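Biologist: I would like to learn how to read a sheet and a helix. Could you walk me through an example?

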Amino acid sequence: MSDTIIALENCRKSFKKASSQDLLVLDDVNFKLQEGEIVALLGKSGSGKSTLLRIIAGLVPPSSGTVTYRGQPVSKPVAGIAMVFQSFALMPWLTVLENVELGLEAQGIGREERRRRAIDAIDIIGLDGFESAYPKELSGGMRQRVGFARALVINPDVLLMDEPFSALDVLTAENLKSDLLELWQEKKTNTNGILLVTHNIEEAAMLADRIVIFGSDPGYIREELHVPLPQPRDPESLEFRALVDNIYKVMTTGPTEKTRRSHRERQIGLGYRLPDVEPSELSGLIETMTSFSERIDLPELGDELMMNIDDLFPLLETLEILGFAKVSDGDIQLYPLGRQFAEADLQARKKIFAGLLLEKIPLARYIRRVLDEKVGHRVSEERFLSKLEDYLSEKEAERVLKTMIDWGRYAEIFAYDFNTGNLSLENPGISDAGNIG
């Protein structure tokens, strides 16, 4: 059996909030990274994957539970673990060579050895000839290669990667993934384990030996899938497409009995994290779906729309919570209401959307009720932000309220003045909203 490099037991992470209960980000995470494997952490935005990566790296302490590296507790950054970030995070005033040398310099490595190892890392990652270039001279893909070289130069036992390809164009990302796999398979580095955070199902299926699927609010491990396909993998093969279909199925199926005992299915309450979706995007998706057969395969829909899960899943979640469609077992099916919405004109769509907001979204009902009861029917957004901060972080409360304002303005259930930050009933689209309980 392979040796365990990283082990997490009963890890929880919460962040302190100024005036209310702590915000729980990760709950009861148990995980092991074994020697010789690439593991992908897959889940939608906000499920705590990046926080988990930082805990493993020793950059953030867990609130409870244990993290060990080669059997030793991790309480700060350790020499055997390196990390590649989503942003390139290069020092613009340093050359490629100087950027790659930074980690070695921090370790107190002498100038000659530092220079030799940095040049070797630059050669391995395919940037030889650019040692004297500055970051501003490089393309996005080349800058990320510098990030890889900076991580690999310290000869890490474990390489942590936080969405390292998401800021790159498709072709550049594919080239960099292929080069990374070649380095790994030909053992051109001393790395014995790779842990990758991604929002891209195909990326996880292409790279990983094991895929860990995260649930959210708070983040927890829902499922682990072992990938039996040998490398290199053909994304057009039946086996690969079956793997992708299975991942979609797992991610769109309710929690297993095991996870359900520990994690209640999320209820839509006042502090519900509304998906970051624009009404125009939702309308466009519903219109697109009407051209498919009754049940639509999600991988097929994702390919048609050229969306990864971080783009597609918020739209699917919105369709479900508003009652336009049902998602299950890797498929989606429009309800009659969804087809009615697609066939309606703009004003009829607004009326349908308004009714659904007030029926199904507690925050919409709360805002409308406060406006109805307030003399002058005008209230500062600060009141609603303060209410949301009882449930969410300050940043997340701002995002959720902005989404709610966008939805409410589209539905014409209230108005919003950006300059004053006031919500009002200057032009309400529904005259009897005050009767909503």
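Modeller: Here we look at a sheet and then at a helix. Keep in mind that this is a predicted model.

Biologist: How do strands of a sheet pair?

Modeller: They pair through backbone hydrogen bonds, either parallel or antiparallel. Here, three strands form an open sheet in the order β14-β16-β15, and the pairing is antiparallel. β14 (378-380) and β15 (415-417) are the edge strands, each pairing on one side only. From one strand to the next, the twist averages 25 degrees.

Biologist: How many bridges join β15 to β16?

Modeller: Three bridges link β15 to β16, which covers residues 422-424, and the two strands run antiparallel. You can find Y416 opposite L423 of β16.

Biologist: Which helix lies across β14, β15 and β16?

Modeller: That is α15, residues 381-388, and the helix runs at about 55 degrees to β14.

Biologist: Now for a helix with buried residues. Which residues are buried in α12?

Modeller: Helix α12 spans residues 336-343, and G338, F341 and A342 are buried there; buried means under 20% relative accessible area. Looking down the axis of α12, you see these buried residues within an arc of 100 degrees, so they line one face of the helix.

Biologist: Which residues are exposed on the other side of α12?

Modeller: There you find P336 and E343, both exposed.

Biologist: And what do the buried residues of α12 pack against?

Modeller: Their partners are the helices α9 (279-289), α13 (346-360) and α16 (394-411), together with the strand β13 (331-334).

Technical notes
Residues are numbered from 1 along each chain as its sequence is written. This is a predicted model: local features need pLDDT of at least 70, side-chain atom pairs count only at pLDDT 80 or more; totals for chains, interfaces and linings use all residues. Side-chain values use heavy atoms; hydrogens and water are left out. Two strands pair if DSSP finds at least two bridges between them. Helices (H or I, at least four residues) and strands (E, at least two) are DSSP runs, numbered from the N terminus. Axes are lines fitted to C-alpha atoms, for helices over the stretch in contact, and angles run from 0 to 180 degrees between N-to-C directions. Contact means heavy atoms within 4.5 Å. Buried means under 20% relative accessible area, exposed over 50%, partly exposed in between (1.4 Å probe, protein chains only). The arc is that of the directions from the helix axis to the C-beta atoms.
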